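Reader: Before we discuss any labels, could you put the model up, so that each term can be set against what it rests on?

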Amino acid sequence: EQNIEKLNGHLARFQRSGILHRIAGADHAGGGGVFETLSPVDKSTICQVARGDAGDIDKAAKAAKAAFPAWRDMPAKQRKAILIKIAEGIEARAEEIALCECWDTGQAWRFMSKAAIRGAENFRYFADQVEAARDGQHLQSATLMNITTRVPIGPVGVITPWNTPFMLSTWKIAPALAAGCTVVHKPAEASPLTARILVEIAEEAGLPPGVLNTVQGYGEDAGKALTEHPDIKAIAFVGESRTGSMITKQGADTLKRTHFELGGKNPVIVFEDADLERALDAVIFMIYSINGERCTSSSRLLIHETIKDAFESRLIERVNKIKVGHPLDPATEIGPLISEEHFAKVTSYFDIAKNDGAQVAAGGEVLGDTGYFIRPTLFTQANNAMRIAQEEIFGPVLTSIPFASEDQALQIANDTPYGLTAYLWTNDLTRALRFTDKLEAGMIWVNSENVRHLPTPFGGVKASGIGRDGGDWSFEFYMEQKHIGFAT
Ligand code: NAD
């Protein structure tokens, strides 16, 4: 209740004046009209939001282009200081960010309160990299002194999805700014609130006007226009795989550099020799936290046949105890799904599973009739050819598939169009080494859930993405290598 009171305080201004675009340090109503953003908790209208069109994107891209030279040339120490101030601003408003995010997306407070702080960590981490970002190499040859330097690519577009939208935006925007790029951000239409808070914090921290611009709106108009704009040199995109291929086509005429973090159907493989207590905790955490609306969720459990029955029955017991409820209640583990459309998609798999011959061992039901709540769900007696094993459901829904041998586990794990993450539970080190070598995934954790370490590469293979984030990999995307040869 305390949280609801605080939330209402924060929402009042959005309800009064709606959410406008922020371009070159000023509010813009734009030319595309407005849309309403709804809360998935009770389907109520939160506020009106400006619906960006190609004209708004053009203004924002021009602002980012105009602001680029001065931002690029600002001394690194000064840029670093601004990024640190942004991190401090996020920390100061972390509660507001988390409350708004919970209400906008349906994600539970217990996870979103941490996600806001992770946004600040992203800015701090990349602030620390600013001074070295442009360092190059000296590569001597017989007749030349060869020098490489690295320069920011120019104004970039950042397009983000609705699951943990604040944290994901910082994950793109912080390295882009650290590299010396300027940014036009197009947040997801389903979760516009916290992107507005981020641009306010950045401006209060001293980020010059036009360095970060936010255009709200839909993918098919604002998003598409951003990917087609000639002044935008690169697009950092997080979202669905099929949207990634649309962006590739849209960006072809202007030869856009693209970086894609896309969908997943990630396996968690549990061998009979694993620490089964820890494995059980991790299996539950990686699919039933954050509403299962996370790209790195382990949505396929591959379980050795000798431990299947015991493991599944303990899993069912735990899944049935997960608390579904109001996202602002600190005890809640799962809140409502983001939207009517997504709710329809996720719940459609309840029948798909049954029709394909799987068993609904837990959940498989809608909860209440005021918001988009469902019970956490476990499908058993499944095989990897079923749709519930092949398609990204993106909800608190786990499909359990037995395997008989290491070879079969590997074959099932790799038998999907995706390749983002994989999780392996075994105490046999040589098996782990053999297995991780052959797994088709950009990121693999052995005897661990997903623990993000910012200097490591983050990204997927196959339909899960192109490119890597994290550490210096982020700068590889937002910067260009330059070679200079001096005759000696
Ligand atoms: P989505 O692809 O529908 O939308 C993502 C963003 O793209 C939104 O801002 C949307 O407006 C915009 N968009 C849509 N069509 C566009 C177009 N034609 N041109 C330009 N922009 C367009 O994805 P979503 O449903 O918002 O998010 C869920 C998806 O994101 C899941 O597939 C999930 O796995 C993925 N995801 C991946 C990662 C990762 O790191 N790999 C992280 C989080 C989410």
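**The ligand shell and a buried glutamate**

Author: In this predicted model, 32 residues lie around the ligand, and those that come nearest are Pro-161, Gly-219, Gly-223, Gly-239 and Cys-295. Two or more residues of this shell are given by each of helix H8 (219-228) and helix H9 (241-250), and H8 supplies the largest share, five residues.

Reader: How do the residues of the shell around the ligand divide into nonpolar, polar and charged?

Author: The shell has 13 nonpolar, 12 polar and seven charged residues, where Gly is counted among the polar ones.

Reader: Which residue does the UniProt annotation "active site" cover, and where is its place?

Author: The annotation, which comes from an unreviewed UniProt entry, covers Glu-261, and Glu-261 has its place in strand S11 (residues 257-261).

Reader: Why does Glu-261 count as buried?

Author: A residue is called buried if 20 or more other C-beta atoms lie within 10 Å of its own; Glu-261 has 28 C-beta neighbours inside 10 Å, and therefore counts as buried. Leaving aside neighbours within four places in sequence, the contacts of Glu-261 are Val-238, Cys-295, Gly-459, Gly-460 and Gly-465.

Reader: How do you know that strand S20 and S21 pair?

Author: Pairing needs at least two bridges between the strands, and four bridges join S20 (residues 421-425) to S21, the two running parallel; Thr-421, for example, has Met-443 in S21 as its bridge partner. Together with helix H15 (residues 429-438), S20 and S21 make a right-handed β-α-β unit.

Key
Residues are numbered from 1 along each chain as its sequence is written. This is a predicted model: local features need pLDDT of at least 70, side-chain atom pairs count only at pLDDT 80 or more; totals for chains, interfaces and linings use all residues. A residue is near a molecule or strand if its C-beta atom, placed from the backbone, lies within 6 Å of it. UniProt positions are given in the numbering used here, feature names are shortened, and annotations may be inferred rather than shown by experiment. A residue is buried if 20 or more other C-beta atoms lie within 10 Å of its own, exposed if 12 or fewer, and partly exposed in between; C-beta atoms are placed from the backbone. Two residues are in contact if their C-beta atoms, placed from the backbone, lie within 7 Å. A crossover is right-handed if, with the strands pointing away from the viewer, the path from the first strand over the helix to the second runs clockwise.
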